[in-house]
Amino acid sequence: MAAVDFTYWKRQLAAGAAIVVSILLAFAIDAWWDRRAETAQAIAILHGLQADFRDSQAHLEIWLAGNRKIQSRTAMFLERIRSADRDAWITVTEGMIGAPIGSPTYDPTTATLDAALSGGQIELVEQKELREALGVWLQLLADTREDENLIREIVVHQLVPILSSQVRLGNAFEQINGWFLGQNNDRLDSPVQLRAVTELEGVLAQRQFYQHYVVDGQEKIYEIQGRILKLLETALDEA
């Protein structure tokens, strides 16, 4: 019987083991590189979200103040009508008229989040609490936009036609954007006379009803945006 060449088989086993180790090492390197790339991508998403939400938070501070002003002046307009006799002449200001015909909509900066969602990369954000907060934020945006759109329908199809039948709205429309953003305008204090008709009272009451939900919704959005910014800061510190 021929003698077994153990040296040959040892060399073959060693070569085979080297090949296996090389393959496993290559897989490990690829996995490490993928994890490193995913981590870098996740950090880039977090930085992008942080920049977007900082911009949105500053924008919403102005928008929320403007909507509170609309709510306040619309309430004054409505009370002036309610306290008057039906069809009586009342005196209001162009600012009171301009408030309820303004129907701004909050438009946050969502470029990073939109890209992450459409590209399926949002899962790279490992912080569950942060992803859940983003989900709550999106739902609050949708709910508030629904109320904003309802107000716009009321303004365009009901309120403006009623007011246009009594007063000229040119000045109010020209000045409403600057007034909403906090710019002073003496022209909006100019007196205007109109009749306290019940149709106008009803439409103003309906418009004010949804304005309450817009202000409430934006206050909640502002709160959740602040929370998201804190969670983003923590996530970046841990990255």
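**Notes on the predicted model**

1. Overall fold. The chain has six helices and two strands, and reading along its sequence gives the pattern α-β-α-α-α-α-β-α. Because this is a predicted model, the confidence values deserve attention before any detail is discussed. The mean pLDDT of the chain is 85, and 81% of its residues reach 70 or more. Confidence is lowest in helix 5, where the mean is 71, and highest in helix 6, where it is 96.

2. Burial, surface and contacts. Of the 239 residues in the chain, 38% are buried. The accessible surface of the chain comes to about 14000 Å², and carbon and sulfur atoms account for 54% of that area. Among contacts between residues at least 6 apart in sequence, 88% join residues that are at least 24 apart.

3. The largest nonpolar core. This core holds 32 residues, and the members that touch the most other members are Phe 53, Leu 130, Leu 134, Trp 137 and Ile 228. The elements that contribute two or more residues to this core are helix 1, helix 3 (111-118), helix 4 (128-164), helix 5 (170-180) and helix 6. A second, separate core has 26 residues, including Ile 81, Met 96, Val 203 and Val 214.

4. Trp 137 within that largest core. Which residues does Trp 137 touch, leaving aside those up to four places away in sequence? With that exclusion, the contacts of Trp 137 are Phe 53, Pro 108, Thr 110, Leu 113, Ile 221, Ile 224, Gln 225 and Ile 228. Phe 53 and Ile 228 from this list are also named, with Trp 137, among the core members that touch the most others.

5. Helix 2. Is helix 2 (residues 94-101) enclosed or open? Eight of its eight residues are buried, so helix 2 is largely enclosed by the rest of the structure. The buried residues are Glu 94, Gly 95, Met 96, Ile 97, Gly 98, Ala 99, Pro 100 and Ile 101.

6. Gln 208. This residue is found in helix 6 (residues 198-238), and it counts as buried because its relative accessible area is 15%, which is under the 20% cut-off. Not counting residues up to four places away in sequence, Gln 208 touches Gln 71, Thr 74 and Ala 75. Gln 208 and Ala 75 are 133 residues apart along the chain, yet their C-alpha atoms are separated by 7.3 Å. A polar atom of the Gln 208 side chain lies 2.8 Å from the backbone oxygen of Gln 71.

7. Gln 211. Also placed in helix 6, Gln 211 is buried, with a relative accessible area of 1%. A polar atom of its side chain lies 3.0 Å from the backbone oxygen of Asn 67. Residues up to four places away in sequence being left out, Gln 211 touches Asn 67, Ile 70, Gln 71 and Ile 151. An α-helix has 3.6 residues a turn, so residues three or four places apart point the same way.

8. Aromatic pairs. How many aromatic pairs does a search of the whole structure find? The search finds three. In one of them, Phe 209 and Tyr 210 are arranged edge-to-face, at 5.2 Å centre to centre and with 85° between the planes. Phe 209, Tyr 210 and Tyr 213 form one aromatic cluster. Phe 209 is partly exposed, with a relative accessible area of 43%.

9. Asp 87. A positive phi of about 65° is found at Asp 87, although this residue is not a glycine. Asp 87 belongs to the loop between helix 1 (6-82) and strand 1 (89-93). Is this residue buried, partly exposed or exposed? With a relative accessibility of 38%, Asp 87 counts as partly exposed.

10. Ile 122. Lying in the loop between helix 3 and helix 4, Ile 122 counts as buried at 14% relative accessibility. Not counting residues up to four places away in sequence, Ile 122 touches Leu 113, Ala 116, Leu 117, Arg 131 and Leu 134. Ile 122 and Leu 46 are 76 residues apart in sequence and 9.9 Å apart in space, C-alpha to C-alpha.

How values were computed. Residues numbered from 1 in each chain as written. Predicted model: local features only at pLDDT ≥ 70, side-chain atom pairs only at ≥ 80, totals over all residues. Heavy atoms only, no water. Phe/Tyr/Trp six-rings, centres within 6.5 Å; stacked < 30°, edge-to-face > 60°. Buried < 20%, exposed > 50% of the residue type's maximum accessible area, 1.4 Å probe, protein only. Helix = DSSP H or I, 4+ residues; strand = E, 2+ residues; numbered from the N terminus. Contact = heavy atoms within 4.5 Å. Polar contact = N/O pair within 3.5 Å; in protein donor to acceptor, adjacent residues only side chain to side chain. Core = buried A, V, L, I, M, F, W, Y, C linked by side-chain atoms within 4.5 Å. Areas by Shrake-Rupley, 256 points an atom, 1.4 Å probe, with all protein chains shown as cover. pLDDT = per-residue confidence, 0-100.
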